[in-house]
Each structure stands twice: as C-alpha cells, then as structure tokens.
Amino acid sequence: METQPRYTVADMPFGWRHVWIVSVASLGQLIGTALATVVGIIIPMLEILSHPELPSWLQGLLGAADLIGIAVGAVILGKLSDRWGYLLFFRICPVIMLVFSLVAIFVPNVTVLLICLFMIGFAIGGEYSLDSDYISELMPDKWASTMVGVAKASSAFGNIIVAGVCYLLIVHWQRADTWPRLMWLIAICAAVMFLSRIYFAGSPKWLLEKGRVDEAQKAVKFFLGDNVDISPENIAKAEAAEAERKKLASEKIGTTVPKQSLWSFIRQNPLQVILSGIPWACEGLGVYGIGIFLPILVMALGLEHFTPGEAEILHVASSVEVTFWISCLILPGFIIGLLLLRKVYDIKLLYVGFFVCAASLLILMFGYQYKWAAWVSIVAFMAFELFLNIGPHLVTYVLPPQIYPVATRSLGSGIAACLGKVGAVLAVFFIPVLLDAGGVSLVLIVSTAVMLIGGIVTLWAGPKVLPKKKELN
C-alpha cells in the first residue's frame, strides 16, 4: 500500500485544510466591519426618530462604543489567551457577540444599544488577538503572511454584503424605527462563527510553549492530517524551555516567578509597539472613522441621489447605496495588496498607501470646496478606499505576527489592535464634532493630516524593526 509523504507544518503543500482554517479564523474580521457598517446606518436612522436630533457627542459615542470594546477586549482577552489557551476564548467570543446582539434587538433603546455595542466590540477585540495567531502558525512558511492577509481581506465582505443588504431592507421597510432589526445581521454572523468552532482544536504553538508536546502534535494532526508533524527543532526548543521552567521551579520552591507586566513589555519593545500600533491607529481613522460615518459624509458632500420632498429614510437609503458602491473598492484593494505583499517590502506598501490616501482626501476636499463634478469626488473616495486597503488596512494587520515571538505574540498583537482601536475611537468620536465645528472640509483636513502621520511614522520606524527582505520583481 502506498504510504503518504510526511511533512512538517512549515513545508507541507497548501491544501483544503488550510482553506478551512483561514475561513473559520477570518469570521472575526468579517463581523468587525459588518458591525461598523450597521452602526453607521443605524445612527442616521436614530436621528430621524430623535426630536431634537442626536447631539454630535452622542453620535460619536454610538459610533465609538464597539471600538472602545475592541480596544479593551484586544488587550484583556489577548493576555488571558496567552495564559489559558486560544481555543477557549475562540469559542467564548462569538457567544458574547450573539447574546448582546439579541439583547440589542429585543430591547431597542439607545442606552442599551451603547452597552451592547461595547460588549460585542469587546468580543471582537479578542478575535483580533487570536485569528492571526491561529493562521500564521498553521500555514506553510511561504504562505503564512499571505493567508494572514487573506483573513484581513475577508473584512471587505462585511462592508460590502452588509451595506448591500441594509440598502435593500431600508428601501423595503421605509421606516426608521426598524433599526433594531439590522442587528440580526450581526447575530446571524455570530451564530455561524460559534457553530464553525465547535469542531476545532487548540493552538499547537501555544501548547508547545506550555511544554505539552503530545497535545501539540495531536492538534497539528487534527488540523492538517496524520502525515504532518511539528518540526523537530520546535519540539527541541519546547522541551528545553520546559526543562528550564522545571529547573527554576525546583530552585524556587514556594516562590512565584514574576510575570512580565504590560508596561514592562512596552518598555522592552518600544519600536515594535510604535510600528505595529501607531500606523494601525492612523489607519483606524480611515477604516472606522470615515467608514462608520460614510453614509453621513456622503450626504454632507452631496454625493447621493435624492429628490426633495421624499421621506427622510429614503435620503438615508440613497446615501447607503453610494456607500455600497464605494465599499466595493475594498475587496479589489485587498486583492491587489495580497498580490503585492509577496513581492514588495511590507513597509513600502504601508507608507505608499498612507500617502496616496492623503492625496485622495485632498482631492476630495478641493472637489467639495470648488464644486467640481460629483464623479471627481466619488472617484477620489474610491481611490481612498482602494489604497487604504492595498496598504494600511492590510499591512498593519500582517505586521504583528512578523514582529513578535510566539511567547508574546498574542499580547503584542493585542496591544497593536488596542492602539489601532484607540485611534479609531478618537476618529469616530470627533468626526461628528468636527462636522459641527467646521463642516466636512475640517473633517477632510484632519483626516489628511492623520494619513500623513501614519506614513511618516512608518518611514521612520519600519526599517529599524523589520529590515528590508523583499524587492520588487
């Protein structure tokens, strides 16, 4: 009987099992952007129902609630995952999302919605600190970065599908008080996530780090097949680390080995934290700040098709339609970025993306101020979305697994995601305030400056942390 060839995780051929792993792990990215899109549509629907209209600070707080949750959850759940294991939290996160989505549906109240958005975001933050870790450790070496990028690219489906479905539902319902029903989209995604993770296993590399070599081998075979093993080098490292831990334990009976604190980690890895966090924070303005308020910005720029005298909800529907077409550029951006990621230096892809985004926003501002044709502004918006996803949105997600070692990877990724969401929270909260203070021009000026900061920080810190390893073919 012909025997199967044996492989290690690093050198095995890419196959359907890898596709399955990436698909399951990517759902957190999809639901993250799906929620942001839903929130951006719910806010103008609530404005129609509110008399007087929602104040700008409350609009900002509604938009930022899930992002605050993501920032908190990324650090807390990332740290807990490093301690207790990935699989437990990989299953708990979608349960939390499902429960609070249902609460938001059946208790339609702005205060309750704020709490639910925070808790759903908290669980999504945990996802962000886990999904890239699962993918990067189970892919063949030559596919690892690309597949982590594919996971991030799946977020485009959250924007596109949810914007399209919401447009159809709003046109069908033609009532603003139906906003709680839009949360069913999040509840369904969360249920699918949980069901897909019932048949799953723990992280092999996490198990190795804990000295549980036999369990790690079983997990690898569960994921990749009986003919795949952990490399002998990784096993030797794990066994040596476990022997060292036992030696320390025997020498320090009755004492506790101090654990590395969050602040000591940051002090020991300042450039890594800056490179993985600050550009992510700047990118957060584009993905969430502009992304969440895209329907409102489209209305402020006068880019939607609206006949005076129609119901206000149709005004919202028209802006959501334009949002859908702009969002359709997200997926091509990710695809182009993934193709370039294997050929172009990651840092170059990141800073070029930031600078082109800044130029696109400047064109959008001049188009608004000097009353250029609407198509110019729409093209500028599309160029912004395209290059945001070719560079910053993709590369900031791929960087942390390359920068941090396995022992602290989840914490490092969690800190990066936290900083990214802090930037997004500030952007989302202040965009309505900026709209009130100086109109859409002020929003575009500030956004341009943030994109430039992201590019400059990347140019400065990138080569120091991640030496150039790719050349353009």
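Predicted model: local features only at pLDDT ≥ 70, side-chain atom pairs only at ≥ 80, totals over all residues.
Residues are numbered from 1 along each chain as its sequence is written, and side-chain values use heavy atoms, with hydrogens and water left out.

V99 also belongs to a nonpolar surface patch of about 970 Å², which is made by V95, V99, V103, F106, V107, W184, I188, V192, F194, L195 and I198. Two or more residues of this patch come from each of α3 (86-106) and α8, and α8 gives the most, with five residues. Patch residues have over 30% relative accessible area and no salt bridge, and nonpolar side chains (Val, Leu, Ile, Met, Phe, Trp, Tyr) are joined within 5 Å. Accessible areas were computed by the Shrake-Rupley method with a 1.4 Å probe. A salt bridge is a side-chain nitrogen of Lys or Arg within 4 Å of a carboxyl oxygen of Asp or Glu.

Helix α4 (residues 110-128) comprises 19 residues and spans 26 Å from its first C-alpha to its last, close to the 27 Å expected at 1.5 Å a residue; the expected span is 1.5 Å times one less than the number of residues. At the start of α4, a side-chain oxygen of N109 comes to within 2.8 Å of the backbone nitrogen of T111.

In helix α1 (residues 16-49), the residue S26 is buried, with a relative accessible area of 5%. When residues up to four places away in sequence are not counted, S26 touches A151 and S154, contact being defined as heavy atoms within 4.5 Å.

Q174, in the loop between α7 (155-173) and α8 (184-196), has a phi near 55° and is partly exposed at 45% relative accessibility. K371 has a positive phi of about 55° and is found in the loop between α17 (346-369) and α18 (374-390). At 66% relative accessibility, K371 counts as exposed.

Methods
Helix = DSSP H or I, 4+ residues; strand = E, 2+ residues; numbered from the N terminus. Buried < 20%, exposed > 50% of the residue type's maximum accessible area, 1.4 Å probe, protein only. Patch = residues over 30% accessible without salt bridge, like charges linked within 9 Å, V, L, I, M, F, W, Y side chains within 5 Å. Polar contact = N/O pair within 3.5 Å; in protein donor to acceptor, adjacent residues only side chain to side chain.
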